[in-house]
Amino acid sequence: MNVDSDHSVAVEDASDARPILIVPYMWIGDFVRGHSVVRVLNQRFPNRPVDLLTTTLCAPLVDYMPGVRAGVVWDLPRSRLALAEQRCLAAALKAKKYATALVLPRTWKSALAPALAGIPERIGFVGEARFGVLNRWRWGERALPRHIDKNAVLALPDGAARPREWPVPQLRVPHDEVMRFRQTNGLGQGAAVALAPGSVGSSKRWSYYPQAAKLLAERGLDVWVIGGPGEKAIAAEMVAAGGARVRDLTGTDLRHGVLAMAAAQLAVSNDSGLMHVAAALGTPTMGIFGPTSPYHWAPINGLAATILTKTTVPCQPCHRPVCTMNDHRCMRDIPASDVAEEVMKLVAAAH
C-alpha cells in the first residue's frame with residue numbers, strides 16, 4: 001500500500017466488513033489523539049466497523065467521534081492485572097466477533113483481553129515482551145518521532161510508508177446540542193472564553209488562573225471554568241477573583257466539558273486532556289506549557305497560540321508530573337498579564 005498524493009491512505013479491500021477493535025490509551029488527551037487511528041482505518045477499510053474500548057470517564061467522547069461505530073465501556077483497575085475482570089471483558093469482546101484488534105498501549109495487560117477473546121489479528125508494538133498476547137508485531141517504536149506516529153502507524157500495513165500528514169482527530173457536536181447546553185446552564189448566546197486549569201500532573205498546572213480570570217472579566221469577557229471535581233477549589237477562587245462574569249462549569253461528566261468547549265469562542269488550557277478536546281472540536285485553543293514539550297504533546301490539530309515562559313529554565317522540558325527543582329519556574333514565570341494579552345489578541349482576530 002502506498003500513500004496518495006493528497007496524503008490520504010489508499011483504500012484496500014472495500015468489500016471487507018469485518019469489525020475492528022481499538023484499545024487506546026485511557027487518559028483523555030491520548031484518547032482524543034487516538035481518533036487519528038480511527039480515521040486511518042476508515043480510509044483503508046471504508047466498510048469495516050471500528051469500535052473503541054473505553055472507560056466510563058472517556059465514553060462520552062465516543063459519541064462525538066466520526067467513524068466510530070460504538071464504544072465498549074469497561075472499567076479495569078489500573079493497579080492490578082484483574083484476571084477475573086479481564087476474562088469477563090474477553091467474553092464481551094468475543095461476542096462481538098472482532099477480526100482485528102489494534103492495541104495502542106505498550107503494556108502486556110492492555111493486550112490480555114483481546115488475546116483471551118481469541119481475536120484472530122492482534123497488532124501492537126513489542127512493548128513489555130507481549131509474546132502470546134499479540135500475534136502481529138511492530139518494531140521500531142522508539143525511532144518514531146512523535147506520539148501520533150506511535151499510534152497511527154499501527155493502522156497501516158507492516159512496512160507501509162507513513163503519510164507526511166496524519167488525519168487529525170475530530171470531535172463533532174451537533175449545533176442543537178450546544179444550544180441546549182447554553183440554555184440549560186443559563187449561558188446566553190454571547191461569546192465566552194473557557195479556562196481549563198486542571199491537569200493530571202500537578203507540574204503542568206499554571207499558577208495564575210484566578211488572576212487571569214479577573215483580568216479577562218475586567219476587559220469585558222465572559223469566562224467559563226471547565227474541569228472535573230478536582231478543579232472545584234480553583235474554580236471557586238476564579239469566581240471570587242473575577243466576579244459575576246466568571247462561571248463555574250466544572251462537574252463530574254466529561255460530556256459537560258465537551259459541550260462547554262464546543263460553545264466557547266476560545267479555550268485556554270494547561271497541557272491536559274481538555275486542551276486536546278477543545279482543539280479537536282475546532283475551538284481556537286491556547287496551550288500553556290511548562291514541563292512538557294509542545295512539539296511532542298500539543299494537539300495534532302494545532303494551537304491558536306502556545307504560551308511558554310520567557311525565563312530560561314535549564315530543566316525545561318522535564319516531562320515530570322511533579323516539579324523537583326527550580327521551584328516550578330517554568331510555570332510560575334508566566335504572568336497572568338501575558339496570557340490575558342494573548343487572549344485579547346485572539347478574540348480581536350476572531351471578529
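At what angle do helix 7 and helix 10 pack, and how far apart are their axes? The views below start there. This is a predicted model, where local features need pLDDT of at least 70, side-chain atom pairs count only at pLDDT 80 or more, and totals for chains, interfaces and linings use all residues. Residues are numbered from 1 along each chain as its sequence is written, and side-chain values use heavy atoms, with hydrogens and water left out.

**View 1. Helix 7 against helix 10.** Helix 7 (residues 175-184) packs on helix 10 (residues 254-263) at about 100 degrees, axes 9 Å apart. That makes the pair roughly perpendicular (65 to 115 degrees). By type, the contact residues split into six nonpolar, one polar and three charged.

**View 2. The largest nonpolar core.** A nonpolar core here is a set of buried Ala, Val, Leu, Ile, Met, Phe, Trp, Tyr and Cys residues joined through side-chain atoms within 4.5 Å, with buried meaning under 20% relative accessible area (1.4 Å probe, protein chains only). The largest one has 76 residues, with Leu-41, Leu-61, Leu-171, Met-261 and Val-277 making the most contacts inside it. Beyond its neighbours within four places in sequence, Leu-41 touches Ile-20, Ile-22, Val-50, Leu-102 and Ala-155.

**View 3. Thr-283 in its loop.** Thr-283 sits in the loop between helix 11 (273-281) and strand 11 (285-288). It counts as buried because its relative accessibility is 7%. Skipping residues up to four places away in sequence, Thr-283 touches Met-261, Ala-262, Ala-264, Gln-265, Leu-266, Ala-267 and Ala-278.

How values were computed
Axes are lines fitted to C-alpha atoms, for helices over the stretch in contact, and angles run from 0 to 180 degrees between N-to-C directions. Helices (H or I, at least four residues) and strands (E, at least two) are DSSP runs, numbered from the N terminus. Angles under 35 degrees count as roughly parallel, over 145 as roughly antiparallel, 65 to 115 as roughly perpendicular and the rest as oblique. Ala, Val, Leu, Ile, Met, Phe, Trp, Tyr, Cys and Pro count as nonpolar, Asp, Glu, Lys and Arg as charged, and the others, Gly among them, as polar. Buried means under 20% relative accessible area, exposed over 50%, partly exposed in between (1.4 Å probe, protein chains only). Contact means heavy atoms within 4.5 Å.
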